[in-house]
Amino acid sequence: MKIITTIAEARDCVRASRRDGKRIGLVPTMGALHAGHGALIERAVAECDFVVVSLFVNPTQFAPTEDLARYPRTFEQDKAYCEKLGADVIFAPAAGEMYPQEQITWVTVEKLTDKLCGASRPGHFRGVTTVCAKLFNITTPDVAYFGQKDAQQAVVIRRMIADLNLPLEIRVCPIVREPDGLAMSSRNRYLSPDERQRAVCLHHALEHSRQRAAEGCRDAATLISEMQAIIENARGRIDYINIVDTETLESIARIGQPCLVALAVHIGSTRLIDNCILDLK
Ligand code: AMP
């Protein structure tokens, strides 16, 4: 497995693979890898001939008040994990390689990005779509792998690819969870032992909504207020809980199918997100 830090080297090595007729897979990550990332890498290795994992803590998707400086960086472990899973290349550029001068060109997806996480993190998705466009241009993947954990991100990237006619497909992989149901996240390591226990309330709230919908509850406001009670009982501070259309991300009042139940909650000072799809079939 090669470790590459410059754009020029990355371009060279994917060009060579493409010349050999290889199918190129890209797994974009911010590092601090866990089994959620691992599932994306495994799927990429199974479906592609040449797999690039990018490890880049992208500064343009963090607001000045957010956790860019303290975001976990575990390069040596990430390297061993990628190697074990069979990735071909790690692309780990420094911020100055990706942003050598003030970035004044941005890729912006409208409408889908002003809801859910976009409402509480203005500018976040502009950073995400711009860095993904840059990574797609640098590594020219046939397929890029994303996680359902960041459901809104997957919808936004899919739309960017369609609207800009980018020549790649995306695959969205299921959420990987800890044994108690907490969605794996690089940010889980911020949690104290007490917070870690309380953090499972996100999963419990989602499971509650799934069960109530299966029992026949169709009223989104009822489901949301019951989920709210579960979160508040665990002393979680709710950023949002919403039930939305899986494509437009517009709020819905009555549960039809399928729809996305999404939430963001602060446990102590750590903001966690999770979601599930309600499919009544
Ligand atoms: P991140 O490093 O947090 O930016 O995540 C990189 C990719 O891994 C994104 O597409 C995430 O949606 C995905 N991912 C993160 N956590 C999980 C998880 N628990 N299960 C599945 N995919 C995940």
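Buried means under 20% relative accessible area, exposed means over 50%, and partly exposed lies in between, with a 1.4 Å probe and protein chains only. Helices (H or I, at least four residues) and strands (E, at least two) are DSSP runs, numbered from the N terminus.

Welcome to the tour. This is a predicted model, where local features need pLDDT of at least 70, side-chain atom pairs count only at pLDDT 80 or more, and totals for chains, interfaces and linings use all residues. Residues are numbered from 1 along each chain as its sequence is written, and side-chain values use heavy atoms, with hydrogens and water left out.

**Stop 1: a hairpin**

Select residues 270-278, which are strand β9. How many of its 9 residues are buried? The count is 8, so that β9 is mostly covered. Look for Ile267, which stands opposite Thr270 of β9. The hairpin leaves 2 residues between its strands, and Gly268 takes a positive phi near 60° there.

**Stop 2**

Next, colour β1 to β6. Strands of a sheet pair through backbone hydrogen bonds, either parallel or antiparallel. Here 6 strands form an open sheet with parallel pairing, in the order β1-β4-β3-β2-β5-β6. Which are the edge strands? They are β1 and β6, each of which pairs on one side only. On average, neighbouring strands of this sheet are turned by 25° against each other, direction ignored.

Zoom in on β5, residues 143-147: this strand pairs with β6 in the parallel sense over 5 bridges. Val143 is a handy landmark, standing opposite Glu169 in β6.

Now show helix α3, residues 75-85. This helix lies across β1, β3 (50-55) and β4 (89-91), and runs at about 150° to β4. Axes are lines fitted to C-alpha atoms, for helices over the stretch in contact, and angles run from 0 to 180 degrees between N-to-C directions. Contact means heavy atoms within 4.5 Å.

**Stop 3**

Select Ile41, found in helix α2 (residues 35-47). Is Ile41 buried or exposed? Its relative accessible area is 0%, so Ile41 is buried. Leaving aside neighbours within four places in sequence, Ile41 is in contact with Val27, Leu33, Val53, Cys82, Leu85 and Ala87. Try the distance tool on Ile41 and Tyr81: they are 40 residues apart along the chain, and their C-alpha atoms are separated by 9.8 Å.

**Stop 4: a loop with two buried residues**

Move to the loop between β6 (169-173) and α8 (193-198), where Ser186 lies. Ser186 is buried, with a relative accessible area of 4%. Beyond its neighbours within four places in sequence, Ser186 has contacts that include Gly31, His34 and Tyr71.

Side chains of opposite charge can pair when their charged atoms come close. A salt bridge is a side-chain nitrogen of Lys or Arg within 4 Å of a carboxyl oxygen of Asp or Glu. By this rule the count comes to 18 salt bridges. In one of them, the side chains of Arg187 and Asp67 meet at 2.8 Å, N to O. This pair links distant parts of the chain: Arg187 is in the loop between β6 and α8, Asp67 is in the loop between β3 and α3, and they are 120 residues apart. Arg187 is buried at 17% relative accessible area, and Asp67 counts as buried at 14%.

**Stop 5: salt bridges in the helices**

Show helix α7, residues 151-163, which holds both Asp163 and Arg159, 4 residues apart, about one turn of the helix. These two form a salt bridge, with the closest N and O atoms 3.0 Å apart. Asp163 is partly exposed at 49% relative accessibility, and Arg159 is partly exposed at 44%.

Arg212 sits in helix α9 (residues 201-214) and Glu226 in helix α10 (residues 220-233), 14 residues apart. Arg212 counts as partly exposed at 22% relative accessibility, and Glu226 is partly exposed with a relative accessible area of 22%.

Terms used:
Two strands pair if DSSP finds at least two bridges between them.
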